[in-house]
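Reader: Here is a model I would like to go through with you. Let us take the packing first, then the backbone.

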Amino acid sequence: MTPRDDSESSGPRRSRWSDLERPPLNAAAVRRALVREGSLWSEVDVVQRTGSTNSDLVARAAAGAGAGRLEEGVVLVAEEQTAARGRLDRQWVAPARSGLFFSVLLRPGDGVPMERWGWLPLLTGVAVATGLARAGGVDTALKWPNDVLVTVGGEERKAGGILAEAAGDGGVVVGVGVNVSLRADELPVPTAGSLALAGAVSTDRDPLLRAVLRGLEDWYGRWRAAGGDAGACGLQEAYAAGCATLGRVVRAELPGGRALVGEAVAVDGDGRLILATEAGVQEPVGAGDIVHLRAG
């Protein structure tokens with residue numbers, strides 16, 4: 001028998017428990033596990049529905065700029081997003097409780113030069129990939145600069161994305177979206193994937209969320225302690241080890257309509273992708289859309 005919310009004894013409105021394969025997050029348990037003395041995470045809020053956790057957290061940071069600025073380590077999680085965005089303002093759509101949709105507020109300005117902040121999406125990618133592998137038992141890879149890939153039916157599919165935005169008084173909001181339990185008929189585009197479709201051992205979102213946030217806290221702490229030096233703290237090596245873009249021939253679609261084709265040979269100390277072109281030169285790419293063409 002399906003459990004019933006007594007507040008919904010009449011009318012067609014669905015209970016938050018109506019899809020038993022997608023139970024709600026246990027907000028209190030997640031909060032107890034993550035918010036503790038000495039932790040990066042200062043606050044964890046779970047909302048049932050919002051437009052975009054990134055937009056909400058950016059707005060909160062802006063409203064608290066100055067003397068009452070929002071503390072670092074705030075985490076905002078949504079069970080459903082109606083106006084989520086990826087890079088280049090692409091829409092991110094998924095059914096309620098089918099994934100991890102959250103944003104975090106970081107303040108790396110104390111001790112980390114701004115020119116090294118470009119590592120934040122890559123750092124988050126490492127934390128997401130390792131957290132999903134540990135808690136979900138699923139193989140993941142990273143596509144530079146901000147996509148999380150899984151393999152479905154022998155094909156590389158995007159299952160997650162990361163978006164970093166400046167926020168108010170020296171802060172950065174990093175948003176993460178990961179498809180967890182989406183079925184094939186729910187995918188927004190045929191090239192998308194999910195942990196379930198990739199054969200994950202577990203799609204329980206509570207331990208997945210905790211594992212990702214613990215990994216993010218660990219890598220962020222190492223990176224800050226090293227003054228943002230990704231090489232010194234091991235982040236550059238960890239990212240390269242999990243990056244599916246390296247060794248591939250790719251097309252970089254750059255701002256302004258320019259495109260560049262070459263083999264992705266490295267990620268440099270500033271987090272830029274280095275392409276070796278047919279002209280025999282190595283060009284750094286700091287921003288752009290990357291299309292994987294073939295193996296190098």
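Reader: Which residues have the most contacts inside the largest nonpolar core?

Author: This is a predicted model. Its largest nonpolar core has 61 residues. In general, nonpolar side chains of soluble globular proteins tend to be buried together. Those with the most contacts inside this core are Phe-102 and Trp-223.

Reader: How many residues are in the second core?

Author: This core is separate. Leu-57, Leu-70, Leu-105 and Val-173 are among its members. The count is seven residues.

Reader: Are helix 1 and helix 4 roughly parallel or roughly antiparallel?

Author: Helix 1 spans residues 27–34 and helix 4 spans residues 205–225. Their axes lie 10 Å apart, at an angle of about 25°. Angles under 35 degrees count as roughly parallel. The two helices are therefore roughly parallel.

Reader: Is their crossing left-handed or right-handed?

Author: Helix 1 passes helix 4 here. The crossing is right-handed.

Reader: How many charged residues are in the contact of helix 1 with helix 4?

Author: Helix 1 brings Val-30, Ala-33 and Leu-34. They meet Asp-206, Leu-209, Arg-210, Leu-213 and Arg-214 of helix 4. By class, the contact has five nonpolar residues and no polar ones. The charged residues number three.

Reader: Which residues does the cis peptide bond join?

Author: Most peptide bonds are trans. Here omega is about 0°. Pro-145 sits in the loop between strand 6 (141–143) and strand 7 (147–152). The bond joins Trp-144 and Pro-145.

Reader: Is Arg-97 buried or exposed?

Author: Arg-97 lies in the loop between strand 4 (91–92) and strand 5 (99–106). Its phi is near 60°, a positive value in a residue other than glycine. Its relative accessible area is 9%, and buried means under 20%. So Arg-97 is buried.

Reader: What percentage of the chain's residues count as buried?

Author: The chain has five helices and 14 strands. Among contacts between residues at least 6 apart in sequence, 65% join residues at least 24 apart. Of the 296 residues, the buried share is 48%.

Methods:
Residues are numbered from 1 along each chain as its sequence is written. This is a predicted model: local features need pLDDT of at least 70, side-chain atom pairs count only at pLDDT 80 or more; totals for chains, interfaces and linings use all residues. Side-chain values use heavy atoms; hydrogens and water are left out. A nonpolar core is a set of buried Ala, Val, Leu, Ile, Met, Phe, Trp, Tyr and Cys residues joined through side-chain atoms within 4.5 Å. Buried means under 20% relative accessible area, exposed over 50%, partly exposed in between (1.4 Å probe, protein chains only). Axes are lines fitted to C-alpha atoms, for helices over the stretch in contact, and angles run from 0 to 180 degrees between N-to-C directions. Helices (H or I, at least four residues) and strands (E, at least two) are DSSP runs, numbered from the N terminus. Angles under 35 degrees count as roughly parallel, over 145 as roughly antiparallel, 65 to 115 as roughly perpendicular and the rest as oblique. A crossing is left-handed if the near helix is turned anticlockwise from the far one by less than a right angle, and right-handed if clockwise. Contact means heavy atoms within 4.5 Å. Ala, Val, Leu, Ile, Met, Phe, Trp, Tyr, Cys and Pro count as nonpolar, Asp, Glu, Lys and Arg as charged, and the others, Gly among them, as polar.
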